[in-house]
Amino acid sequence: IPPPSPEPPTITSLPPTVTTLVSRITGATVHIVGTAHVSRASADEVKEVIRYTQPNFIVLELCPSRINILSMEEQDSATPITLTQALQNSKKHGILPALLSYLYSGVRQQLKIMPGLEFRTAFIEAQKLTNCTLVLGDRPVHITLKRTWANLKFLEKIKLVYTLMKESRLKITEEDIEGLKDTDLITSMIKELAKEFPGMSRPLIYERDEYLTNSLRRCPGPVVVGVVGLGHVEGIKKCWEEELDIRQISEIPSSHSSITKKTIIVGICSVIIGVFTWLLY
């Protein structure tokens, strides 16, 4: 079966939301499309930018363990996972990724938006081009989450688990949804959490800005399109001319702690019992 033919763009110039940089390493022209994860318009913009620029490389804010997003169907994300399922998943993936997945699935179900639509659009458009390579440019998620968990103190870990469980099924109004349409949902959620847990910011956002920058500016080009969340664009611009130590931010920290799911649950129960005891007296 021959690949689908490329289609002409409907735009005659790049949208103002696209950031264009030049790699000092390869000389490639890099067009970065900052996407809003709850806006279908972002996927349309990705499509038009790819058709207009005809890139040789497309870099996605994904890692190999999240590549299944490129083949998801609408029904795959229709039912949010339960807390029981999340805790079961924690045996394999760890408590933090399990609870973050639980939180995100609830938000996603209320927004009625299938995740990664802009990435699937880029994947489809890449297949229509004669000589285009798709690059998964984000740091492996297990490294990101392990570095995040290691960056939190013991009491912060307990508080974070409690916060994620409490906030995971908050009702989102239509006004909330409208307010999110021009934002990077995932990064916005992380930044809100980081106000309470400052140790989350560096590994979850800023280190990934550096990793994505490295992926983008090392693509040979001559034309590269990057598809990343809006929340990463400013960080990428800031890092663009800097020397980056990618090896250091790719290391998994050694575990000096024996904190397990059981320890976390016991800790939360202790806090709750302590609060009730204080109230009674």
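**Helix packing and local features of a predicted chain**

Cys239 counts as buried because its relative accessibility is 8%, where buried means under 20% relative accessible area, exposed over 50% and partly exposed in between, computed with a 1.4 Å probe on protein chains only. The structure is a predicted model, in which local features need pLDDT of at least 70 and side-chain atom pairs count only at pLDDT 80 or more, while totals for chains, interfaces and linings use all residues. Residues are numbered from 1 along each chain as its sequence is written, and side-chain values use heavy atoms, with hydrogens and water left out.

The chain contains 12 helices and 5 strands; these are DSSP runs, numbered from the N terminus, with helices (H or I) of at least four residues and strands (E) of at least two. Of its 281 residues, 46% count as buried. Among contacts in the chain with a separation of 6 or more, 84% are made by residues 24 or more positions apart, contact meaning heavy atoms within 4.5 Å.

Cys239 also takes part in the packing of two helices. Helix α9 (residues 201-217) and helix α10 (residues 230-239) pack at an angle of about 65°, and their axes are 8 Å apart. Such axes are lines fitted to C-alpha atoms, for helices over the stretch in contact, and the angles run from 0 to 180 degrees between N-to-C directions. Thr213, placed in helix α9, is buried because its relative accessibility is 0%. Apart from neighbours within four places in sequence, Thr213 is in contact with Ile236, Cys239, Trp240 and Leu244.

Thr163 counts as buried because its relative accessibility is 15%. With neighbours within four places in sequence set aside, Thr163 is in contact with Leu193 and Phe197. Thr163 and Leu193 are 30 residues apart in sequence, and their C-alpha atoms are 8.9 Å apart in space. Phe197 is also approached by a charged residue: Lys159 lies over the face of its ring, at 5.6 Å from the ring centre. A charge sits over a ring if NZ of Lys or CZ of Arg is within 6 Å of the ring centre and within 35 degrees of the ring normal.

Gly199 is located in the loop between α8 (185-196) and α9. Gly199 is buried because its relative accessibility is 15%, and beyond its neighbours within four places in sequence it is in contact with Asn151 and Leu152. The C-alpha atoms of Gly199 and Thr148 are 7.2 Å apart, although 51 residues separate the two in sequence.

Two backbone features were also identified. Most residues other than glycine have a negative phi, and most peptide bonds are trans. Gln54, in the loop between α1 (40-53) and β3 (57-60), has a positive phi, near 50°. Gln54 counts as partly exposed because its relative accessibility is 40%. Gly221 and Pro222 are joined by a cis peptide bond with omega of about 15°, and Pro222 lies in the loop between α9 and β5 (223-229).
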